[in-house]
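I opened this entry to keep track of what I looked up. The notes follow the order in which I searched.

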Amino acid sequence: MSDTINISLKVWRQNQGEEGHFEVYQAKDIDTSASFLEMLDVVNEQLTLNGKEPIAFEDDCREGICGACGVLVNGTTHGSHEKTTLCQLHMRKFKNNEQIVIEPFRAHPFTVIKDLVVDRSGLDAIITEGGYVSVKTGNAPEASTTPIKKELAEAAMDAAECIGCGACVAACPNGSAMLFTAAKVSQYALLPQGHPERKQRVEGMVGKMDELGFGSCSNEYECAVACPKGIDVQNIARLNREFIKASFM
Amino acid sequence: MKKNCALLSSIGQKLLIATSGLVMFILFLIPHMGGNILFLFGPDIFNSYAMHLHQMMPVVIGLRVLMLASITIHMAMTIKMSISNVQARGTRLSQKPSKERSLAARLMPLSGGMIFLFIVKHLLDFTISPPAVQMIEIDGYMAKDVYGMVYTQFQDPVQVIIYLLFMVAVGFHLSHALQSAVQTFGWYVPRKHSKIKLISMWVAIGMASTFAIIPVSALIYFHY
């Protein structure tokens, strides 16, 4: 049987192009088995009933696989450092009468659209520079025609786990998108299908990352700590290798 | 991407910082530490080392030019990168660093700035405007009594404390810098239980402690 808790929310409210500020709301009788997003739904319902504007936040699958949700909860991305997306964070993690501070992901390229919703299209722009493999359309090729070592396939799958939520950028003290870009470059660099375009891919994606104003990596690994999918910094080392090979060899 | 563009990209700048840092570490810091250890063997050996070093002036000047180039690249790139990083970070209000982020990593700009000030002070103390130095005879040559000059400098406890403080900065800087350079060059440095991180830390502690030997030993142990 689940309990209920009362919490106080200190939430960032902002309209695009305007100055933002924190507002405090009381959320009463919140079921501890509710997810964080469900708690926000309850608060929003109350706000709407009171004639106030609901808190804007992004979400989609609510299963931890789409990367749409993500805010700073009590100063940490997704509110946890245990490979958990915000939608998979449950209210049982919080204490009764606790104040929870909720802020949008902060980084210069992530401008606030409204309240907790930020523009993460920069990550998509990086993908368009090479986060794909060009293939001729038609039937899928026979899987066994390209043998791939199990370890490589697993490492590529691990890199491909990245859901592009942007927590790595928000957690990085430099607002760098290196872990994201590294994961996207790695998933193709590890597989033979990605090899024909590996040079253009790494140069294009790193170039776009810099152009959009993401910061540099200072190897402090905050990104990997924050990543809800456990993407490892091994991918950043691989991205550095790919970049060195493509640009200087 | 052209090579010059690649060097000015975020990864390229990091490569320049790492390479210039390693050049200073390998060609300056390690040999300097080796020379400093000779202080413990007394005036004859230390002065003889100083004299032989001065006899190799073309090599010394070559190294000085290389060091000047390295430090210029290292600092220019770091300042450029740090300004971009502060802009990229944006305004952060409630955000907290994780427990994994080391103190050495957080203090890199501070320790780096301290090292620069230290280099300026160190050059003023012993190279640009050294105190009056006695001339002594070594193996038939007239040479400067460098041992005496260093010994006299470190009879002042305030000077010793200042030097030790700077050595702490060198230790902190190196402990993050070495492991960070390895990762930047593309060798994987894991988050946890990393041997490279451990080696980086112990090399930093070892070097900072060895450099601290001269001022401390001059103050408390050796009698000239």
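I searched the whole structure, which is a predicted model, and found zero disulfides over all chains. A disulfide is a covalent bond between the sulfur atoms of two cysteines. I then looked at A:Cys165, which is in no disulfide; the nearest cysteine sulfur belongs to A:Cys227 and is 6.3 Å away.

Nonpolar cores. I asked which residues of the largest nonpolar core touch the most other members. Of its 43 residues, they are A:Phe110, A:Val169, A:Phe214, A:Ile236 and A:Leu239. I listed the helices that each supply at least two residues of this core, among them α4 (167-171) and α8 (234-248) of chain A and α2 (10-37) of chain B. The most comes from α5(A), with six residues. Domain 1 (4-114) and domain 2 (121-248) of chain A each give this core at least three residues.

Helix α7 of chain B. I wanted to know how many of the eight residues of this helix (residues 146-153) are buried. Seven are, so the helix is largely enclosed by the rest of the structure. Among the buried ones I wrote down B:Tyr147, B:Met149, B:Tyr151 and B:Gln153. Their cover includes α3 (43-55), α6 (108-128), β2 (141-144), α8 (157-184) and α9 (195-220) of chain B. B:Tyr147 and B:Tyr151 turned up again in one aromatic cluster with B:Phe39, B:Phe46 and B:Tyr49.

Aromatic rings. I counted 13 aromatic pairs over all chains. One of them, B:Phe118 with B:Phe166, is tilted: the centres are 5.1 Å apart and the planes are at 40°. This pair links distant parts of the chain, since B:Phe118 is in helix α6 and B:Phe166 in helix α8 of chain B, 48 residues apart. I found both B:Phe118 and B:Phe166 buried.

Charges over rings. I noted two cases in chain A. The charged end of A:Lys10 sits over the ring of A:Phe22, 4.9 Å from its centre. A:Arg106 lies over the face of A:Trp12, 4.3 Å from the ring centre.

Definitions and conventions
Residues are numbered from 1 along each chain as its sequence is written. Chains are lettered from A and ligands numbered from 1 in the order in which they are written. This is a predicted model: local features need pLDDT of at least 70, side-chain atom pairs count only at pLDDT 80 or more; totals for chains, interfaces and linings use all residues. Side-chain values use heavy atoms; hydrogens and water are left out. Buried means under 20% relative accessible area, exposed over 50%, partly exposed in between (1.4 Å probe, protein chains only). Helices (H or I, at least four residues) and strands (E, at least two) are DSSP runs, numbered from the N terminus. Contact means heavy atoms within 4.5 Å. A disulfide is a pair of cysteine sulfur atoms within 2.5 Å. A nonpolar core is a set of buried Ala, Val, Leu, Ile, Met, Phe, Trp, Tyr and Cys residues joined through side-chain atoms within 4.5 Å. Domain bounds come from an automatic or database domain assignment. Rings of Phe, Tyr and Trp (its six-membered ring) pair if their centres lie within 6.5 Å; planes under 30 degrees apart count as stacked, over 60 as edge-to-face and the rest as tilted. A charge sits over a ring if NZ of Lys or CZ of Arg is within 6 Å of the ring centre and within 35 degrees of the ring normal.
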